Amino acid sequence: MSVDTEIKAPKRSTEDARSLKLHRRHARTLKLFDPAMVRMATIRSFAMLDPRNMMRNPVMFLVEVGTVLTAIVTVQSILSHQAVGLILYQAALTFLLFITVIFANFAEALAEARGKAQADSLRATRQDTEAFRLFRLGSDEGETISSTKLRTGDYVAIEAGQVIPADGEVVAGIASVDESAITGESAPVIREAGGDHSGVTGGTRVLSDRIVIEVTAEPGQSFLDRMIALVEGAIRHKTPNEIALTIVLAAFSLIFLIVTAALYPMAKYFELTLDIPTLIALLVCLIPTTIGALLAAIGIAGMDRALMANIIAKSGKAVELAGDIDTLLLDKTGTITIGNRKATQFVALGGATPRDVARVAGLASMADPTPEGKSILELARQDAAVDGEVPHRSTFVEFTAQTRMSGVNLPEGTRLRKGAPDTVAKYITELGGVVPDGYQSTVDAIASRGATPLAVAEDNRLLGVVKLEDILKPGISERFQRLRQMGLRVVMVTGDNPLTAKAIAQQAGVDDFIAQATPEAKLAYIRKEQGEGKLVAMMGDGTNDAPALAQADIGVAMNSGTQAAKEAGNMVDLDSDPTKLIEVVEIGKQLLMTRGALTTFSIANDLAKYFAVIPAMFIATLPGLRVLDIMGLATRGGASSAILAAVIFNAIIIPLLIPIALKGVTYRPVGAGALLRRNLLYYGLGGVIAPFIGIKLIDLMIDPLMTMVGIG
Amino acid sequence: MIRQTVHALLACVVTLVICSVAYPLALWGLGTALFPHQAAGSLIYGPDKTTVIGSELIAQPFASDKYFVSRPSAVDYKADAAGGSNLGTKNPDLHAKVKERAEALKATPEKPVPADLIAASGSGLDPHISPEAAYFQADRVAAVRQMTVEQVKSLIDTMTDKSGAVIGAPPRVNVLKLNLELDKETSAKPKETTASR
Amino acid sequence: MALAPTSFLHPLWAFGVPIAASFPLGWMMARSLDPKEAKAGKGLDALPMFLCRLIGRKTPVKMSWKDYCIALLAFNAALFVITFTLFYVQQHLPLNPDTKGSLGALGYKDSAGVQHDGVDTGVVFNTVCSFVTNTNLQHYSGEQHLSYFSQLACILWLMFVTPACGLCAMLAVLRGLRGDSHMGDFYVDLMRTVLFVFLPFCFVIATLLIASGVPMTFDAAAKATPLDGVAAKMEAQTICRGPVAAIIAIKQSGTNGGGFFGPNSAHPFENPTPWTNLLSVASIVALPMASMVMAGKMLRNARHAAVLYGVMLTLLITGTSIAIWAETAPSAATHGLPVVAEPNMEGKETRVGPVASATWAGMTSGTSNGSVNSMHDSLNPLAGMIPMSHMMLNVVFSGIGAGFENLFIYVIVAVFLAGLMVGRTPEYLGKKVEAREVKLAMLVMLIHPVLILAGAALFAAQPFGAKTVANPGSHGFSEILYEFTSAAANNGSGFEGLGDNTPAWNVATGIVLLLGRFPALVLPIALAGFLAAKKRVPETTGTLRTDNLTFAGMLIGTVLLVGALSFMPAVVLGPVADHLVALK
């Protein structure tokens with residue numbers, strides 16, 4: 001795999017060793033109530049009062065209509081010279097209903113502002129820079145123009161220290177690039193021509209060397225620009241679960257509308273004319289305003305949390321869907337194992353000494369830039385004291401998919417080769433050599449323990465085998481255990497042969513593996529899982545991953561990956577971190593849980609409100625109902641203090657719950673049953689009890705006040 | 001559309017024949033053959049074997065002091081228009097009625113009347129009273145019939161149906177049967193002079 | 001009558017007998033109503049197939065949910081038209097020894113107290129709606145207004161086929177939930193349910209009833225000369241009778257509840273002994289309970305069915321216990337009078353007693369049956385609240401099939417909320433519950449409170465409702481509320497003091513009856529059809545389980561919370577205020 005991971009690998013391994021906990025890189029952590037944002041959101045909450053805007057949220061729209069009606073009745077009361085107490089009471093209700101709407105708008109505006117702030121900080125990397133545009137590829141001549149003038153297909157040369165002016169693919173050169181502007185990670189990454197790590201992002205900085213890139217995006221149309229636009233657009237679109245929940249909330253509101261509307265004629269039977277503002281107050285208390293007010297905020301906050309984890313989701317739907325994932329396809333390398341395989345042993349065969357094997361393997365790996373090659377050389381230096389100098393005029397044979405071998409031809413004509421065991425065996429047989437005894441059993445023994453055997457040959461003589469071993473990331477199997485508790489199946493994807501793959505799969509504790517994974521094999525596996533009704537998430541970076549990324553329900557493309565991969569997935573991980581899928585799933589689950597928990601809380605609240613409002617409404621005609629006033633409200637301020645207390649509680653619970661809405665309900669990978677019990681206890685039972693206490697406290701506070709001003 | 005209608009109508013005919021003709025006819029045949037008395041309404045015939053005195057399951061009114069009275073009936077014991085009072089417990093009318101009935105039965109705080117004697121039955125045709133309600137009337141009946149209270153009470157005891165106690169059935173006395181039994185006793189035995197309080 | 005401690009044995013039997021019977025019955029129902037493909041039409045099953053051929057259906061059809069609903073509705077429409085006609089012309093039809101007139105010529109007293117003779121098509125409409133919807137709300141009085149022909153050809157017939165329709169709808173829903181490619185054939189289901197469930201069950205019950213004293217005769221009313229007739233000013237007593245046993249058996253077991261006589265099972269001819277009382281109350285709940293066992297068999301998910309059965313049973317036991325507790329208190333009417341302080345006996349029968357009366361009240365209202373063995377109007381206020389609450393919740397067994405369908409709607413809502421709370425798109429039995437399903441479920445859920453509250457509000461505020469009550473104050477309001485609740489829940493019991501045989505009541509409750517029945521019958525089939533078409537999602541540890549105690553708690557919570565929130569104000573104004581307000 002990647003040069004990129006190699007550079008980062010040591011850092012990540014220490015992180016993993018430190019903690020098993022899933023942690024987020026808070027690249028752009030924001031304070032919950034950032035003063036500037038609060039100011040912005042406050043202003044916006046008034047602008048959002050426009051009924052056309054409010055109609056999107058049936059619950060809060062109903063409150064707004066109720067507020068207007070209450071205001072009208074209050075004005076009528078003033079004009080018809082009603083008692084001052086009544087007018088004050090109605091005015092207080094109007095005000096309280098109004099701030100209920102404002103609180104709801106504020107929650108949404110605040111979440112929106114946070115989302116925007118995240119997006120803006122990404123967009124800030126988009127600055128005008130100068131770009132040296134080459135006249136044609138290959139020449140060093142060009143002109144310096146503004147980056148805004150760059151068009152798709154232009155070639156731009158970037159020197160060390162310069163900012164990359166636009167999204168593009170490296171077409172020549174290799175350079176280390178500082179992508180911290182986007183990812184927040186300070187460690188530089190390598191970008192080079194060809195392969196899967198050729199993508200560079202505008203706004204990042206070249207630290208060393210010189211590269212030439214081909215511009216792949218028009219100004220303002222860069223990949224990041226489009227993603228940010230999508231994110232901001234996604235805020236406005238309701239996700240499928242959000243739509244379903246809105247239907248539930250609207251239906252509940254309708255039920256309560258009927259309940260309260262029916263009370264007016266029912267009271268007539270008892271020769272009582274109910275006060276309209278009081279009825280509206282009861283309605284507002286009953287309809288699920290808490291969740292209605294926070295629903296939009298929860299959705300936006302989900303996207304926001306994804307952004308905070310450096311994931312750009314193309315839609316809110318994708319984030320929500322992440323919670324439903326059944327199967328995770330994880331690449332072995334870099335995710336399950338640390339970076340790359342390491343050479344750990346030289347096994348000699350047919351009369352050769354381990355030292356011979358080490359020498360030849362070391363020489364054959366001299367020009368091999370892959371991590372495996374480097375680790376062989378490293379081990380060879382220890383074991384065989386290979387000096388690391390290849391004789392002059394040697395020619396290197398590079399690894400190709402056809403030959404599946406690499407090596408070096410020494411000046412005297414000796415051909416040193418290393419490669420896959422079967423390929424090398426075939427190669428020496430063709431040259432007239434003999435495969436030594438015990439070769440196959442040695443190879444199989446190594447493979448069955450999850451290591452990779454690499455055969456080493458000198459001309460037609462098979463000297464032995466290099467053992468390349470995978471090192472599991474510390475704590476990875478515990479992490480998979482947790483994933484299993486969440487109900488996810490983890491599938492390891494590897495290019496290894498089935499034997500090796502199986503051994504590693506067992507060690508790591510994954511549920512299944514795809515060995516010798518080709519893009520087709522991945523695609524086929526995803527289709528098979530989906531055929532069984534499962535939702536599949538995978539992460540990929542290469543162009544050949546694109547079909548699988550597109551097929552997967554959640555395809556997370558690494559930002560370091562190719563343009564094709566990024567286009568195909570529905571999320572992009574700016575950190576290019578293969579373990580990010582786990583966080584994505586968590587964010588999705590948290591989003592759904594927060595909605596469910598606050599809905600339950602909101603509806604459970606109603607019981608207490610009934611006990612506050614119903615006795616207060618009917619106490620005059622049916623004095624026996626005083627028994628139902630179990631909170632002992634309406635002591636001095638009369639019935640109205642109980643009603644006002646319920647409405648105040650209903651209003652202030654909204655801002656009080658904004659933190660939960662934005663941060664999300666805590667998710668723990670403990671299985672569905674335990675989660676449900678926990679949430680039912682906190683938000684169900686808590687939702688029943690909390691308002692009893694809250695309303696009583698508020699009543700105690702406002703009661704003397706009300707007596708003073710003469711309401712009641 | 002037409003097919004649907006035809007099928008629906010034909011299905012109606014078929015089910016009607018099964019449910020409304022075959023089933024009741026079979027039951028009627030079975031009932032008449034095996035349980036002719038019950039199937040005809042458990043009627044009680046007079047000494048002439050043709051006059052129907054009543055049904056052992058249907059209450060009838062008793063006004064003479066020599067008879068135990070049945071429970072109050074909201075429909076005046078009309079067995080062709082049965083029903084309860086349907087008065088709510090908080091209805092002043094019910095309170096007044098209860099008061100009136102208690103007074104008619106000469107209830108006093110020392111000798112309170114059992115609740116079933118002042119409450120109209122559900123059907124208005126309840127053939128039973130509780131043993132306590134029978135005891136409550138024993139003095140009056142004994143006095144008129146010149147029997148000892150003990151005699152009357154022991155008759156009540158023999159006439160008390162305690163069957164079904166295991167399934168929670170309350171003990172009960174069939175008023176018509178009790179009164180018939182009383183008539184039989186008093187006509188069979190020579191009149192005795194008994195001290196009645 | 002002092003309350004014998006043995007009285008409390010009754011509820012144990014009343015619950016124990018039907019619960020014990022529900023398992024073999026449910027097993028038999030699943031086997032006979034949903035036979036394996038290979039066994040269909042073979043052996044005894046050849047009989048329903050033969051009946052289907054009689055009506056022109058050669059082979060069973062694989063109906064989609066739409067076809068099934070259309071067939072079900074077409075059959076019910078035919079029932080409506082035929083029975084309406086028969087009631088209207090009963091005076092011209094045979095089996096009318098007591099020469100009853102047309103049901104449409106019943107006449108009524110309006111809210112101002114003016115008698116209108118010979119007119120009232122409303123009562124025919126109401127009666128037909130009532131019996132076609134398996135409700136059996138009676139605004140007429142059986143023994144006074146119906147000929148034996150009408151009792152048999154209309155009442156008895158509808159008592160068989162309408163619960164069969166409910167059971168058919170349940171079969172269709174179960175097939176959909178099971179993921180079958182089709183819902184079965186409505187007419188085959190109909191014939192099977194009538195032949196294999198209701199007929200044999202009723203035949204056994206009816207025979208036991210006749211043996212215990214329930215009449216089964218086609219003779220006219222008996223004329224009796226009462227013993228003390230002269231003194232009591234009743235020279236003759238007309239004792240109505242008829243083919244009672246046939247009707248009572250299906251009345252109880254088919255969740256019908258419509259009595260042959262006005263006072264229903266309080267009438268000694270319908271319920272002559274404590275034994276028939278137990279038999280009746282057990283047969284009221286036996287088939288609704290058995291249908292849940294059948295659901296477990298058909299879904300091949302006994303644990304989930306056990307959760308649903310358990311939830312229903314918990315609600316029923318809780319409610320019934322409260323009713324028993326409330327009803328063993330003395331009546332408020334005896335306060336300060338020289339009456340023994342013992343349970344309220346107004347409207348009750350001695351052979352039944354207060355405990356069995358309250359038990360019955362709980363069970364009949366919990367099962368959409370609606371037959372009564374005491375006058376609910378005269379129950380103590382809190383005891384009267386229980387039948388009302390059971391009908392408001394409408395999921396306490398609540399019918400054979402219809403109850404399952406109602407609970408299914410609550411399950412969808414509970415699954416939706418619980419599903420979100422475990423962080424997954426909600427799923428039920430492996431099928432995702434999404435906006436379309438939620439929309440249908442909420443629609444069904446809305447209907448019930450709307451019908452009850454809107455109806456009660458309208459009639460409470462208007463003289464055509466408020467002036468028809470028999471009792472003053474909160475209790476009068478309770479009568480109105482009860483009537484609409486009973487109609488919407490397709491129950492059929494009533495606070496019968498209400499003068500409900502007026503055009504306003506007949507038309508209003510008639511409409512409520514239809515709206516309470518058919519959407520709730522058909523929409524769940526559609527919902528199951530939607531779910532059936534979805535891909536099955538595999539179960540993981542992250543999946544919300546619907547077969548454990550946690551979910552049972554969640555479901556009960558949902559039912560109680562939604563029920564309490566929808567109906568609490570109305571119930572407070574009715575029975576609760578009735579209980580709390582002192583007797584004036």
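This is a predicted model: local features need pLDDT of at least 70, side-chain atom pairs count only at pLDDT 80 or more; totals for chains, interfaces and linings use all residues.
**Entry 1: chains C and A**

I find 54 residues of chain C in contact with 60 residues of chain A. On the chain C side, I looked up which elements give two or more residues: they are α13 (402-421), α14 (435-461) and α18 (549-580) of chain C. α14(C) supplies the largest share, 15 residues. By class, I note 38 nonpolar, 10 polar and six charged residues on the side of chain C that touches chain A.

**Entry 2: chains B and C**

Next I turned to chain B. Here 95 residues of chain B are in contact with 112 residues of chain C. The elements of chain B that each supply at least two residues to this side include α1 (2-34), α3 (92-104), α5 (131-145) and α7 (175-188). Strands take part too, β2 (52-55) and β3 (128-129) of chain B being among the suppliers. I find the largest share in α1(B), with 21 residues. The side of chain B that touches chain C has 56 nonpolar, 31 polar and eight charged residues.

Two pairs of chains touch, and chains B and C have the most contacts. I also checked chain A against chain B: they do not touch, and their nearest C-alpha atoms are 14 Å apart.

**Entry 3: confidence**

I took down the scores. The predictor gives the complex an ipTM of 0.93 and a pTM of 0.88. For chain C, the mean pLDDT is 92, and 99% of its residues reach 70 or more.

**Entry 4: the seven-stranded sheet of chain A**

I traced an open sheet of seven strands in chain A, in the order β10-β22-β21-β20-β11-β18-β19. Its pairing is mixed. The edge strands are β10 (311-313) and β19 (512-514) of chain A, each pairing on one side only. From one strand to the next, the twist averages 20 degrees.

β10(A) pairs with β22(A), residues 571-573, in the antiparallel sense over three bridges. There A313(A) stands opposite M571(A).

Helix α18(A), residues 519-531, packs on this sheet. I see it touching β11 (327-331), β18 (489-493), β19 and β20 (536-540) of chain A. The direction of α18(A) makes about 160 degrees with that of β20(A).

**Entry 5: the six-stranded sheet of chain A**

I then followed an open sheet of six strands in chain A, ordered β12-β17-β16-β15-β14-β13, with antiparallel pairing. β12 (342-348) and β13 (395-397) of chain A are at the edges with a single partner strand each, so one side of each has no neighbour in the sheet. The twist averages 20 degrees from one strand to the next. Inside the sheet, β15(A) and β16(A) pair over four bridges in the antiparallel sense. One residue I checked, R417(A), has A457(A) in β16(A) as its bridge partner.

**Entry 6: helix α14(A)**

Which residues of α14(A) are buried? I list P421(A), V424(A), A425(A), Y427(A) and I428(A). Seen down the helix axis, the buried residues fall within an arc of 160 degrees, so they line one face of α14(A). Their cover includes β14 (405-409), β15 (415-419), α15 (439-448), β16 (452-458) and β17 (461-469) of chain A. Last, I noted G432(A), which follows α14(A) and has a positive phi, near 95 degrees.

Conventions:
Residues are numbered from 1 along each chain as its sequence is written. Chains are lettered from A and ligands numbered from 1 in the order in which they are written. Two residues are in contact if their C-beta atoms, placed from the backbone, lie within 7 Å. Ala, Val, Leu, Ile, Met, Phe, Trp, Tyr, Cys and Pro count as nonpolar, Asp, Glu, Lys and Arg as charged, and the others, Gly among them, as polar. Two strands pair if DSSP finds at least two bridges between them. Axes are lines fitted to C-alpha atoms, for helices over the stretch in contact, and angles run from 0 to 180 degrees between N-to-C directions. A residue is buried if 20 or more other C-beta atoms lie within 10 Å of its own, exposed if 12 or fewer, and partly exposed in between; C-beta atoms are placed from the backbone. The arc is that of the directions from the helix axis to the C-beta atoms. pLDDT is the predictor's confidence in each residue, from 0 to 100.
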